[in-house]
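Subject: Structure for your review

Dear colleague,

Please find below the sequence and structure that I am handing over to you. My findings follow directly after them.

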Amino acid sequence: MCCLTKSGKILTDVDSLRSEIRDKSVRVIDVRRENDYKQDHIPTAVNLPLANLLSDDSPERVLKLVNSMGIDDETSVVVYDDTFGALASRVAWTLEYLGHSNVTLLETTYSHWKSLGLENDSKTPEIQSKEHSMHLRSEILATSDYLESAKTRDDVILIDNRERLNFLEQHIPGAISLPYRTLASNDHILRSKDDMKRLFDNRGITGNSEIITYCGSVGTLSGLAYYALKSVGLPNTKLYVRSFKEWKNLQKPTEKQEDASYWDLSAE
Amino acid sequence: MTISDLGQSSPESVKPKINWARIEETDNFANTVKLFRQGKYDEDSFRRFRLQHGAYGTRMTGDYAMVRIKLPAGEIYPHQFEKISQLSEQYSIGSAHFSTRENIQLHWVILEDVSEIFRGLAEVGLTSREACGNSVRNVMCSPLSGVCSDEEFDATPYALATARFFLRNPMAQNLPRKFKFNFTCCEKHGMVRMVDVGLIPQIREIDGSSQRGFKIFLGGGLGNKSYVGHQLEEFTPEEDLLYTSIAVMRIFDRLGDRKNLARNRMRYLVNDMGWEKFQNLVFKERAIVRATQSIITQLDVDTTPDEIKHPIRITDESGSLTPDGYARWLKTNTVKQKQSDYRSVFITLEAGDITANQLNALGNLIRDFSSEGKARCGFVQNVALRYVLEDDLPRLYSKLLEVGLAKSGALTMTAPIGCSGTTSCNLALTNSHRLAKEIQRKFLELRLDEDDDLSDSSIKISGCPNSCGQHGIATIGFFGGGARVGKDMYPNYQMSLGGRSDGETMLGEICLRIPAKRVIPVILKIIEVFKDRKKSGDTLKSWIHRIVNGNEDSDIKSINDIKKILEPLVIPPTKEEDPDFYLDYGSDTSYHTKTGKGECAA
C-alpha cells in the first residue's frame, strides 16, 4: 500500500478536524507533554506524550497504548503536536507500523490552532478501550542492518533530516542533507504538494527509488520527512527510526565535510 | 520552536519602492543546475552562469554554494528580514552573514536548493543577480546617507537609480572583471577612494542657484594589490553622473585585461596607463556617450522623500528600569542624526553573523522603533536602525537584549571585520572569521569599547592576501598565511598599520608577521605602547598616523620601532611547549594551508 490512509491522505486540515470532532468520528491524539495537555488541548483529544511512547515502543506495548486510547482498526486518528509536526509524525508512523491504516497529521501546530482562536478545553475525555489487530508493516521500517546493505544499492536514496551544520560535521556515508525546516511552509507543517514536489525534483528525489530517512536519535524529524515524501506520492519510503544515535553507537562508518571551519559561521 | 509566521506581519510595514527580482530566473537556474549535473553544460560556462546569478563556490566542495543577496544602497525592509530568516533556516545553516558590501550571504547551501532561495527572495522583491561574477556588484551607499549632519544631500536615490540602471543591463554582463560603486554621505563615513567608482554628494552654487552633483573617485580598490582612487574632476553635475559611469565602464570593457585574471580589475588599468591618460580618456568617452545616446539617457532618480512616521506599537509600553549596560551601548552604538530627536542605532554583530531568530526579531524591531520603517546595512558587517526617537532608545535596548543583539562596541575598534576565511572560502589560508570574533569577545570583556582613545581605530582581518577583510584600510590590519618551524606549520598573519579610508585615505604599512595565537597580545601591546606616549587629544589612530607619516617625536618614530618592541612576542614556542600555538582557531587538527580554486576572477 502506497499511502498513509486508504484515501491517500496525509494531512487533516483544521476545518475537517473540527467537523470530525463534532461528528465524534475521530480520535485525536495530542503528543505534547502531559502538563501542556492538561492546561488545554483540542477538544476530545487524548494525550500520548512522545516520551511515554518512546519509553517502550515495542509493538506489544504500542498495541496496549492504542487499545487504551480507544482505537480499533477502523478508527480515524488525527495526531498533532507543537513542534512543527515532528513528534506527531513519529507517533503516526508508529501507528502505521502497527498496521493502522487510517491516521493523519493535523496540518498545523497547536500554537497556530490557538492563534486562530479555535476551540480548546482542559477536559480529559473518558475513553472506552478497544481491540486493535497487529499486522506489522516491516516495509516502512529500516534497521541499521537493513540500511547498511540497502545503502550499497544504486536505487536507494538516504536522507539526513538534521540541521545542515550537524550534517556537515558527521553523517552516514552517501546521505543527502534535507534539513527538516525545509519541509514546512509558514503555518503548515508540510509545504503544498506542488512546492514539495519541486523541491524533491530539484534534489533528484523522484521516481521509484527506495528512500530511507533518518535524523538525530528517535526518528521525529525524519518521521516528518517520511510524511513529506508520502505527501507527493513517493511510494517506497522507510524510516530509520533509531537514526544516527544508534548508527554511531554501533560504530558504523561516518563521513565528514573536511577542511572547513563551518561552525564558526554560526551566530548561535 | 515554532514555524516563523509570515502571515502576521503588520499591515503597517513599509514596502520597498523597487522590485529587484525576476521570478523566471528561478526556474532557469534550477533547470541549468540539472543540465549541468547531467553533463550537458560544461564546468566553465556553468560557473559563469552560477556567479552571474549570485551563487558563489564553497571551500573544498562542488556540492554547496553561497548565495549573496544584494541590498542596493543597503536598504532592507522588515518582511525581507523575515524571509531571509526563513531561508537561512531552510536552506543554510540557521545563520546568515552581513558582508562588507551591503549583501547578506547564506552559506553552505546545497547547489540544487539555490533556486528555491531565489524563489523566496522573489517573493519579497530581492535578488542575488550579479552579486558575483564580472558584473556591477551591489551598489553601496553610506548607512548614514540622509541622516548624516555632514552631508550636502542624500545620495540614496542616486545609488538606487544606479543599481537599477545596471542590473541585468547588457553592457554590464561580461566585463573584464567585477565593478563596484560606492556612494557615501561625507568624507568621514565613506569608502570612496577604495572602489572602482566612489561618489560623494556635493552642492555647487552657480549664479545664486544651487546645483547637485558629485565628487567622483576612480580606480581605487582593495585586493592582492590595492590602490587609492583618483578624483576625476572638481565637480560632476548630477546630469553627468550616468554618462560618467557609462564612459568609465566602456573604457574598462574595451581596455581591461581579460587574460591575466590576477590583474584585471580597473585599478590595474588605471595604474598601468597612468592617471592623467585614463582621466583624459574618461572625458573623451563621456563626450561621446553624451553625444551618441539615441535618446537622452538619465538615471531614474526617485527623490520623493520617505515618509517618517513614529510607529504605533502594540507592545508593552509600561515604564521599567533601564537595563544595565545602556549607557555603554548608547555611547558605542548610536549616532545622532541631523534630524533632531532621532538617532541611528547600529547593531553589534560578531564578524557579521546573525541567527535566523535574530533576523526575524529585527523585522519587528524595525516596525516598532524605526520611523522610516526599514533598516540600512553598514560598511562593516553590521546593520543600522535609523530614525529611532531618543525617548525610545532605552526600550529598544531592552528589546535588543532579549534577542542577544545588545552587545556594545558596534562603532568602535572592538568590532573587527573578519572575512569568511576557512569557514567557507576556497582561497582562505586561515580562520580570519573566528579570529575577528575572538578579538571582539576579549576586547569587550576588557571594556575597550568604552575607551575614547580607541574608538576611531579599526581592526580588519583577511584570511588571505586578497583583502575581502579590507585589512589594507585598517588602523591595524591582518592578512593570513602559513608559517613553519621545521616541519610544523602554524597560522600566521601579516600585520599592517595606519590604513584608513576617509578623506586622508591610505593603505596600511606592513609591520610584522604575527602568529594567529599572538594577535590579541600584540594588539594589546600596541595599545599599551601608545598609552605610554599619547599626547593630549591623541587617539590610537592619530598616533599611528603620525608614525607612518614620519611626524612622531617620541622614541617610537617609525613602524620599524614598533616592530622591535613586538618582535619578542612573536617568537614561536616549540610544539611541546605550546601545542595550541600550532592550531588555528576553531580547529583541533594540525594546521596546514589548503586552498581550492578561487572564483573572484571567474
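Chain B has 602 residues, for which a compact globule would have a radius of gyration near 25 Å; the value for chain B is 24 Å, which agrees. Please note that this is a predicted model. The C-alpha trace of chain B spans about 70 × 65 × 65 Å along its principal axes. Of the 602 residues, 64% count as buried. The accessible surface of the chain comes to about 22800 Å², and carbon and sulfur atoms account for 49% of that area. If one takes the contacts in chain B between residues at least 6 apart in sequence, 71% of them join residues at least 24 apart.

As to secondary structure, chain B has 15 helices and 21 strands. Five of the strands form an open sheet of mixed pairing, in the order E17-E18-E19-E20-E21. Strands E17 (417-418) and E21 (509-515) of chain B stand at the edges; each has a single partner strand, so one side of each is left without a neighbour in the sheet. Helix H15 (residues 559-566) of chain B packs on this sheet, where it touches E20 and E21, and its direction makes about 10 degrees with that of E21(B). Within the sheet, strands E19 (residues 476-485) and E20 (residues 488-497) of chain B run antiparallel and are joined by ten bridges. Arg484(B) stands opposite Met489(B), a residue of E20(B).

The aromatic residues also deserve a report. Over all chains, a search of the whole structure finds 34 aromatic pairs. One of these is formed by Tyr490(B) and Phe581(B): the pair is tilted, at 4.7 Å centre to centre and with 50 degrees between the planes. Tyr490(B) lies in strand E20 and Phe581(B) in the segment after H15, so this pair ties together parts that are 91 residues apart in sequence. Both residues are buried: Tyr490(B) has a relative accessible area of 8%, and Phe581(B) has a relative accessibility of 1%.

Tyr490(B) also forms an edge-to-face pair with Tyr582(B), at 5.9 Å centre to centre and with 90 degrees between the planes. Because Tyr582(B) likewise lies in the segment after H15, this pair ties strand E20 to a part 92 residues away in sequence. Tyr582(B) counts as buried, at 2% relative accessibility.

Elsewhere, Phe29(B), Phe36(B), Tyr41(B), Phe46(B), Phe49(B) and Phe118(B) form one aromatic cluster.

Yours sincerely

Methods: Residues numbered from 1 in each chain as written. Chains lettered and ligands numbered in written order. Predicted model: local features only at pLDDT ≥ 70, side-chain atom pairs only at ≥ 80, totals over all residues. Heavy atoms only, no water. Pairing = 2+ DSSP bridges. Helix = DSSP H or I, 4+ residues; strand = E, 2+ residues; numbered from the N terminus. Contact = heavy atoms within 4.5 Å. Axes fitted to C-alpha atoms, helices over the stretch in contact; angles between N-to-C directions. Rg over C-alpha atoms; globule rule 2.2 N^0.38 Å. Buried < 20%, exposed > 50% of the residue type's maximum accessible area, 1.4 Å probe, protein only. Areas by Shrake-Rupley, 256 points an atom, 1.4 Å probe, with all protein chains shown as cover. Phe/Tyr/Trp six-rings, centres within 6.5 Å; stacked < 30°, edge-to-face > 60°.
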